[in-house]
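This report describes the fold of one protein chain and then turns to selected residues. Please consult the sequence and the structure shown here while reading.

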Amino acid sequence: MSIEITKVTARIGARVSGVDITAPLAPEEVTAIREALNVHKALVFDAGALDDAGQQAFARHFGDLTTAHPTVGAVDGAPNVLPVDSERGRANHWHTDVTFVLNPPQASTLRSLTVPPYGGETLIANAAAAYRDLPEPLRRLADTLWAEHTNDYDYAVPDEEIDEEKAAQRAQFTSIRFRTTHPVVRVHPLTGERGLFIGGFAQRIAGLSVGESRKVLDLLQSYVTRPENVLRHRWSENQLVLFDNRITQHYAIDNYDGAPRRLHRVTVAGDVPVGIEGKESWSVEGDAAHYTPVAA
């Protein structure tokens, strides 16, 4: 086996070479990639001639696939592939994928199809490093907190900026309302690491008002997005990024004017999050059985 892992930053990210991800992987290759993902949280591959079928086959090495999204349409003929297309909206906010359902994806793959001539980077943050950065009093507080995540979140966009197309996209995104309560500090099932499990879909801390919740969430989020904890990935065409959705957040930067930007996303079904005392998340509203199985 000739896999090489090269760190990109001290705290997050590595490039993987010496493996052909367009072909079926040997068990030892899957194990090596999984171990690298546990350590580096986000991995960058050259995708070469990888297509939608190949991206799905690669992702299946790590578990069952979800469908594209609980409410948003898939690529035609590929129900497991979500088009991340600048023409369909720009998700320029920090988030972890689909945390508003009971068992969000364990891992996400993004493959570049069309990249703008400048800008369009994806930021990926290490939520475990953020947790370790917390001062001890804040860490003790975070350990006790639970947060409600919802897809009906506060966009903080003035009404005058919402045209008919954006309103239709928002209506589709919230066509099924989901609300789920997750631990603010999640224990990774493979590594035992603790990470801050918050992001844009986390709207309220259990037991606190909306205003109080926002202050606490903003304070904790500021540790996630510290520059030391963030990988800034500049896309080239035909690349694939695999990131651990259980212990990262990401942000697609809207800094490329009107140029086209298109990626395809395939996600791997995840387990139900668990807090530090072993208690699992619970669903408040919305059934995501059509979207994802629950990983053991």
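How much accessible surface does the protein chain have, and what percentage of it belongs to carbon and sulfur atoms? The accessible surface comes to about 13,000 Å², and carbon and sulfur atoms contribute 50% of it. These values, like those that follow, were computed from a predicted model.

**Overall architecture**

The protein chain contains 6 helices and 16 strands. Its radius of gyration is 18 Å, close to the 19 Å given by the globule rule for 296 residues, so the chain is as compact as a globular protein of that length. Along the principal axes, the C-alpha trace extends over about 50 × 45 × 35 Å. Of the 296 residues, 53% are buried. Among contacts with a separation of 6 or more, 82% join residues 24 or more positions apart. The charged side chains comprise 29 positive and 39 negative ones, and the centres of these two sets are 5 Å apart.

Helix α1 covers residues 27-40. The buried residues of α1 include Glu29, Arg34, Asn38 and His40, together with Val30, Ala32, Ile33, Ala36 and Leu37.

**Residues with positive phi**

Most residues other than glycine have a negative phi. Lys41, which follows α1, has a positive phi near 75°. Asn238 also has a positive phi, about 60°, although it is not a glycine. The loop that holds Asn238 runs between β12 (230-233) and β13. For Asp257, phi is likewise positive, near 55°, and this residue is in the loop between β14 (248-252) and β15 (262-268). Is Asp257 buried or exposed? With a relative accessible area of 55%, Asp257 is exposed, because that value is over 50%. Asn238, by contrast, counts as partly exposed at 37%.

| Residue | Relative accessible area | Class |
|---|---|---|
| Gln55 | 0% | buried |
| Ser281 | 7% | buried |
| Asn238 | 37% | partly exposed |
| Asp257 | 55% | exposed |

Gln55 belongs to helix α2. Its relative accessible area of 0% is under the 20% limit, so Gln55 is buried. Which residues does Gln55 touch, not counting those up to four places away in sequence? They are Leu50, Thr109, Leu110, Arg111, Leu240, His264, Arg265 and Val266. Gln55 and Tyr291 are 236 residues apart along the chain, and their C-alpha atoms are separated by 18 Å.

Ser281 lies in the loop between β15 and β16 (282-285). At a relative accessible area of 7%, Ser281 is buried. Apart from neighbours within four places in sequence, Ser281 is in contact with Leu102, Trp146, Thr181, His182, Pro183, Val272 and Pro273. The C-alpha atoms of Ser281 and Arg186 are 9.7 Å apart in space, while the two residues are 95 residues apart in sequence.

Terms used: Residues are numbered from 1 along each chain as its sequence is written. This is a predicted model: local features need pLDDT of at least 70, side-chain atom pairs count only at pLDDT 80 or more; totals for chains, interfaces and linings use all residues. Side-chain values use heavy atoms; hydrogens and water are left out. Helices (H or I, at least four residues) and strands (E, at least two) are DSSP runs, numbered from the N terminus. The radius of gyration is taken over C-alpha atoms; the globule rule is 2.2 Å times the number of residues to the power 0.38. Buried means under 20% relative accessible area, exposed over 50%, partly exposed in between (1.4 Å probe, protein chains only). Contact means heavy atoms within 4.5 Å. Accessible areas come from the Shrake-Rupley method with a 1.4 Å probe; for residues, only the protein chains shown count as cover. Lys and Arg count as positive and Asp and Glu as negative; His and the chain ends are not counted. The place of a charge is taken as NZ of Lys, CZ of Arg, CG of Asp or CD of Glu. The expected span of a helix is 1.5 Å times one less than its number of residues.
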